[in-house]
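Biologist: I would like to learn how to read strand pairing, helix packing and chain contacts from a model. Could we go through one case step by step?

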Amino acid sequence: MGAQIRVYRQKIASTTSMGKIFKAMELIASSRIGKARARVSASLPYANAITRAVTAVASQSEVEHPLTTEPESIRRAAVLVLTADRGLAGSYSAGVLKQAEHLVELLHSEGKDVKTYLVGRKAQAYFDFRGRDYAKVWTGGTDAPDFETARELGKILLQDFAEEFEAGGVDEIHVVFTQFKSMVVQEPTVIRLLPLEVVEGESETPADELLPLYEYEPEPEQVLDALLPRYIESRIFNAMLQAAASELAARQRAMKSAGDNAKDLIEKYTRLRNNARQAEVTQELSEIVAGADALNG
Amino acid sequence: MAELQVEIVAADHFVWSGAAKLVKGRTSNGEIGILPGHVPMLAVLAAGDLEIDPVSGSRFSVQVDGGFFSVDTDRVVIVADNAVMAESAAAGTR
């Protein structure tokens, strides 16, 4: 057997087994997407209720609360970047990191320091490779985030926010994550978490519906104290869930096209292998004929 | 008689919603009972049991770790950090 044919056979075999892996990963991703999307919508009632309450308190009461008031000068900003733990998800993590780079550049140009928090091994690898600093990293379970992680993230970010600048505190907090718009559209997005910009349009309150004049128990300050950390947690959790759904959707799409490419390659190599085999047969035949002719002549 | 529209949500899932005659909870200041027509309020919940007396079905309780609740025009939204339904709560779930 010719060496060329053997090489093609090996290529076909390895591409076939890779194709099987791609297919399996595509199936796993698509089976998980449904659950991830269900979790996004399951977190919505909580997020809506909490947004509504925060909007009501922030827009009515004249309470001065550190979380709602804009500091005079912003000297350091925290950036939380949500990426994936694993690759094979197309440009998912790269898109988020690119967006984060833009944000960091923008913040630097405004003369602010940046303190980075990372989620996902991909972000960690990106920063480690470039020798950049980051304050903290969380890895594991980016495709199925749990509320505990969101709570921990929220707690640490709020602690930093409460710190003075000199002690390493931050004056604003941004989150970079991938917004899950639909199965085919996921968009890297930046939101500013703190200081709070309560966007009324985000809650499902019709604009003409008046927010009731609430009574507070105990005092408005304490209610805000209890409410705002939960609001932050719920925003972070929602971002994590959307990121997880986006990751799975991106992975499914990437694996689908990888599988398709593998199929194309197999076809191409099969053709080449047949060609080589045929060439060998033809060559052998003409050698035999030539040999017979030489003997007869 | 008017009734309360109650909605209980936890951080990562929906717990219960339905019509109720009475909601009893514990705030950081003490116990509070909410009947239809209650003044709008926003309060911080302490850890403990919530009691809900639904229009149809029997009274049940939900254990919460903390959270807050809001009341406005007979709509009660309870936002709990972690809510566990006590038994016999399935009745009235929709």
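Biologist: Which residue stands opposite A:Leu82 in β2(A)?

Modeller: Strands of a sheet pair through backbone hydrogen bonds, either parallel or antiparallel. In this predicted model, A:Leu82 stands opposite A:Val119 of β2(A). The two strands involved are β1 (residues 76–82) and β2 (residues 113–119) of chain A; they run parallel and are joined by seven bridges.

Biologist: How many bridges join β4 and β5 of chain A, and do they run parallel or antiparallel?

Modeller: Between β4 (residues 172–180) and β5 (residues 186–194) of chain A there are eight bridges, and the strands run antiparallel. One facing pair is A:Val175 and A:Ile191, the latter in β5(A). With five residues between them, β4(A) and β5(A) form a hairpin.

Biologist: In what order do the strands of the open sheet lie?

Modeller: The order is β3-β2-β1-β4-β5 in chain A, five strands with mixed pairing. β3 (136–138) and β5 of chain A are the edge strands, each pairing on one side only. On average, neighbouring strands of this sheet are turned by 20° against each other, with direction ignored.

Biologist: Which strands does α3 of chain A lie across, and which does α5(A)?

Modeller: Helix α3 (residues 121–129) of chain A lies across β1, β2 and β3 of chain A, at about 135° to β2(A). α5(A) lies across β1, β4 and β5 of chain A and runs at about 35° to β4(A).

Biologist: At what angle do the axes of α4(A) and α5(A) cross?

Modeller: The axis of α4 (residues 147–162) of chain A and that of α5(A) cross at roughly 125° and come within 8 Å. Angles from 65 to 115 degrees would count as roughly perpendicular and those over 145 as roughly antiparallel; α4(A) and α5(A) are therefore oblique to each other. Their crossing is right-handed.

Biologist: Which residues of α4(A) and α5(A) meet?

Modeller: From α4(A), the residues include A:Phe147, A:Leu153 and A:Leu157, and from α5(A) they include A:Ile232, A:Ile236 and A:Met240. A:Arg151 of α4(A) and A:Glu233 of α5(A) are also among them. By class, the residues of this contact between α4(A) and α5(A) are 10 nonpolar, one polar and two charged.

Biologist: What does UniProt list for residues 255–282 of chain A?

Modeller: The UniProt record, an unreviewed entry, gives "coiled-coil region" there. In the model, residues 255–282 of chain A are 100% helix and 0% strand, with the end C-alpha atoms 40 Å apart.

Biologist: How many residues does each chain give to the contact between them?

Modeller: The size of an interface is often given as the accessible area lost when the parts come together. Here I count residues instead: chain A gives 24 and chain B gives 21. On the chain A side, α1 (3–60), β6 (215–217) and α5 (220–296) each give two or more residues. α1(A) gives the most, with 10 residues. That side of chain A divides into 18 nonpolar, three polar and three charged residues.

Biologist: Which strand of chain B do bridges join to β6(A)?

Modeller: It is β4 (residues 41–45) of chain B, which runs parallel to β6(A) and is joined to it by three bridges. A:Glu217 has B:Ala43 of β4(B) as its bridge partner.

Biologist: Where does UniProt place a domain in chain B?

Modeller: An unreviewed UniProt entry places "domain: ATP synthase F1 complex delta/epsilon subunit N-terminal" at residues 4–83 of chain B. That span is 70% strand and 0% helix, and its end C-alpha atoms lie 20 Å apart.

Definitions and conventions. Residues are numbered from 1 along each chain as its sequence is written. Chains are lettered from A and ligands numbered from 1 in the order in which they are written. This is a predicted model: local features need pLDDT of at least 70, side-chain atom pairs count only at pLDDT 80 or more; totals for chains, interfaces and linings use all residues. Two residues are in contact if their C-beta atoms, placed from the backbone, lie within 7 Å. Helices (H or I, at least four residues) and strands (E, at least two) are DSSP runs, numbered from the N terminus. Ala, Val, Leu, Ile, Met, Phe, Trp, Tyr, Cys and Pro count as nonpolar, Asp, Glu, Lys and Arg as charged, and the others, Gly among them, as polar. Two strands pair if DSSP finds at least two bridges between them. UniProt positions are given in the numbering used here, feature names are shortened, and annotations may be inferred rather than shown by experiment. Axes are lines fitted to C-alpha atoms, for helices over the stretch in contact, and angles run from 0 to 180 degrees between N-to-C directions. Angles under 35 degrees count as roughly parallel, over 145 as roughly antiparallel, 65 to 115 as roughly perpendicular and the rest as oblique. A crossing is left-handed if the near helix is turned anticlockwise from the far one by less than a right angle, and right-handed if clockwise.
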